[in-house]
Amino acid sequence: MEIILLERIEKLGGIGDVVTVKNGFARNFLLPNNKALRANDANRKLFEANRDKIEADNAERRTDAEGRAKDIDGKQVVLIRQASNTGQLYGSVSVRDIVDALADDGVTGVTKAMVELERPIKSLGLVDVKVKLHPEVAVTVGVNVARSPDEAEMQKQGIDVIAAMFEEEQAEAVASALEPDSEDEFEDVGPAPSELAAEETPAADEAEEA
């Protein structure tokens, strides 16, 4: 389907460009979200008659987004989740979780459509997520998924929590292996030299008397 773009669409084009897209993409996303018009004669005339206003409105939204970007870019949100000792979550972190976490941190106006997450987050760690405040303005938000606030702080400092935990368990296992469980583990090496000397003394005295 041929469409006229009403805003910049990544990998497609900018305002006013006429491009061909798959019918499903146009009908399910671009057209219902007012991001494009069908490229027929009536819409071409309508677009040209309103081009100045469309471009001015876009510029205003872009300026607003650029202002907001300064306070959002590089922000990190913490999400506490249960996970196994291998770091796999019992569940996952979705776009909705990220939007809610940003809202709790005072960042308003970010919708699910703005968050670009290829797949749900299913393990502990730090993940950089792209947030498009405007078709021409994108920021990066850090998502810190941890089992506790303390672990979140460790991850923020660049510590691999799972690796650190594994190393600690290994150290404990080695220490446990080297530590004897009881006195029975000591080998019976026979009487000490001093005891042998004491036992031999009477025999030596008898020899001297004879």
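In the largest nonpolar core, which has 28 residues, the members that touch the most others are I98, V110, V115, V131, L133 and V143. At least two residues of this core come from each of α2 (41-72), β4 (76-80), β5 (88-93), α3 (95-104), β8 (125-134) and β9 (137-146). Please keep in mind that this is a predicted model. Here is a quick tour, topic by topic.

**The cores**

- Leaving aside residues up to four places away in sequence, I98 touches V93, V115, L117, V129 and V143.
- Another core lies apart from the largest one; it has 10 residues, including I3, L5, I9 and A36.
- As background, nonpolar side chains in soluble globular proteins tend to be buried together.

**The three-stranded sheet**

- Three strands make an open sheet in the order β2-β1-β3, and their pairing is antiparallel.
- β2 (18-20) and β3 (36-38) are the edge strands; each has a single partner strand, so one side of each is left without a neighbour in the sheet.
- On average, neighbouring strands here are turned by 40 degrees against each other, direction ignored.
- Three bridges link β1 (residues 2-5) to β3 in the antiparallel sense, and I3 has R38 in β3 as its bridge partner.
- Helix α2 packs on this sheet and touches β1, β2 and β3, with its direction at about 10 degrees to that of β1.

**The four-stranded sheet**

- A second open sheet has four strands in the order β4-β9-β8-β6, with mixed pairing.
- At its edges stand β4 and β6 (115-116), each pairing on one side only.
- Nine bridges join β8 and β9 in the antiparallel sense; for D128, the bridge partner in β9 is G142.

**Helix α4**

- α4 lies across β4, β8 and β9, and runs at about 130 degrees to β9.
- Which residues of α4 (residues 149-156) are buried? They are E151, A152 and Q155.
- These three cover an arc of only 105 degrees around the axis, which puts them on the same side of α4.
- On the face turned away from that buried side, α4 carries the exposed residues P149, D150 and K156.
- After α4 comes G158, with a positive phi near 95 degrees.

Definitions and conventions. Residues are numbered from 1 along each chain as its sequence is written. This is a predicted model: local features need pLDDT of at least 70, side-chain atom pairs count only at pLDDT 80 or more; totals for chains, interfaces and linings use all residues. Side-chain values use heavy atoms; hydrogens and water are left out. A nonpolar core is a set of buried Ala, Val, Leu, Ile, Met, Phe, Trp, Tyr and Cys residues joined through side-chain atoms within 4.5 Å. Buried means under 20% relative accessible area, exposed over 50%, partly exposed in between (1.4 Å probe, protein chains only). Contact means heavy atoms within 4.5 Å. Two strands pair if DSSP finds at least two bridges between them. Axes are lines fitted to C-alpha atoms, for helices over the stretch in contact, and angles run from 0 to 180 degrees between N-to-C directions. The arc is that of the directions from the helix axis to the C-beta atoms.
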